[in-house]
Amino acid sequence: MKLIDLHCDTLWKLMDMDKDGDLMENQCSVSIPFMKKAGTKAQFFACFTCLKDFEHAGGYEGCYRRVQDMIAYLNRQVQTYPEQIGIARSFQDMQENESQGKISAFLTVEEGGVLNGEMRRLYELYEKGVRLVTLLWNYENCIGHPNSRDGSIMSRGLTPFGIDVVRRMDELGMIVDVSHASDGTFFDILKYSRKPVVASHSNCRTLCNHPRNLTDEMIRSLAETGGVAGLNFYGAFLGTGKREDADVAYEDSRIDGMTAHILHMIRVGGSDFPAIGTDFDGFDGGKTLEIPDASRMERLWDALERAGVSQGQLDKLWGDNAKRVIREVL
């Protein structure tokens, strides 16, 4: 058990699309059998909500209620399969689960706007087991500003409330996630956080010029502070480096693109920088999805071996880099 995946949207897909499925048997890319085949040590499960879906249901208030539902859903799933999977709230929990042959499930929230300006909600989420928060999604919120092709938005940073959130997350022992943040928000987060920060599911902007990806400067800055970035399997963020409108036509999700991004991460950020953050169940695979689910993860491992990535570098990518952050923060 060595694979640590920092991001999937399987809870959202199970609750909103595959209502007859559960973690043991479903139509998703992540299931207990698939994770077992992948040798998964820990899977970070995102409680994702989209503000537009709740425009007529209380906005971020409705989003927050939905997050509560998703937390409860994962807890019920773990209670249904207690021999297979267990909730982890700390590094020690993860190690204990592994010793019992269990996959660790970490709860995350994707879209910090659900706090809606109320710090007490951060504490409530912590008490319910949430250990990572993706502070932004694709909308401006009470914390900061999102990735955007509009330079004026991309340059904006954290709000005063957002600065306080980052500091409180450090104090509590919660991982701050910069994926989806604007460049200005990214650098503000690194300025105010005293713990390693992650980009749970982001790639390299040098190879694919999409605002969701990290510039080389961002990669170096994140690496220098002990952070990691999880390789995102979404084709639009893998791209070819030649198109700025990559998300207009869904790019194929190909292993050669994944390999190129990992090699670039190692080249710019060092071997301690790259991790895995598949974004499984959160994107359209396009015409080609060469790794359609967690059970096929060995395809990427084999491709990276052929590309000259060493055993030690693969072990770091597959889980050791993420494990270090978990140990230091949680």
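Predicted model: local features only at pLDDT ≥ 70, side-chain atom pairs only at ≥ 80, totals over all residues.
**Stop one: a helix pair.** Select residues 119-127, helix α5, along with residues 160-172, helix α7. The two pack at an angle of about 30°, and their axes are 10 Å apart. Angles under 35 degrees count as roughly parallel, so α5 is roughly parallel to α7. The crossing of α5 and α7 is right-handed.

Now show side chains at the contact. From α5 you want M119, L122, Y123 and Y126; from α7, pick F161, D164, V165, R168, M169 and L172. By type, that contact splits into eight nonpolar residues, two charged ones and no polar ones.

**Stop two: the cores.** Next, go for F45, I85, L135 and L300, the residues with the most contacts inside the largest nonpolar core, which has 87 residues. Colour residues 60-80 too: this is helix α3, which gives the most to this core, with nine residues.

**Stop three: D293.** Select D293, in the loop between β9 (274-276) and α12 (298-306). Buried or exposed? D293 counts as buried, because its relative accessibility is 7%. Setting aside neighbours within four places in sequence, D293 is in contact with S29, F34 and F280. Finally, draw a C-alpha to C-alpha distance from D293 to A38: they are 255 residues apart in sequence but 9.5 Å apart in space.

Methods
Residues numbered from 1 in each chain as written. Heavy atoms only, no water. Axes fitted to C-alpha atoms, helices over the stretch in contact; angles between N-to-C directions. Helix = DSSP H or I, 4+ residues; strand = E, 2+ residues; numbered from the N terminus. Parallel < 35°, antiparallel > 145°, perpendicular 65-115°, else oblique. Left-handed = near helix turned anticlockwise from the far one by under 90°. Contact = heavy atoms within 4.5 Å. Nonpolar A, V, L, I, M, F, W, Y, C, P; charged D, E, K, R; others polar. Core = buried A, V, L, I, M, F, W, Y, C linked by side-chain atoms within 4.5 Å. Buried < 20%, exposed > 50% of the residue type's maximum accessible area, 1.4 Å probe, protein only.
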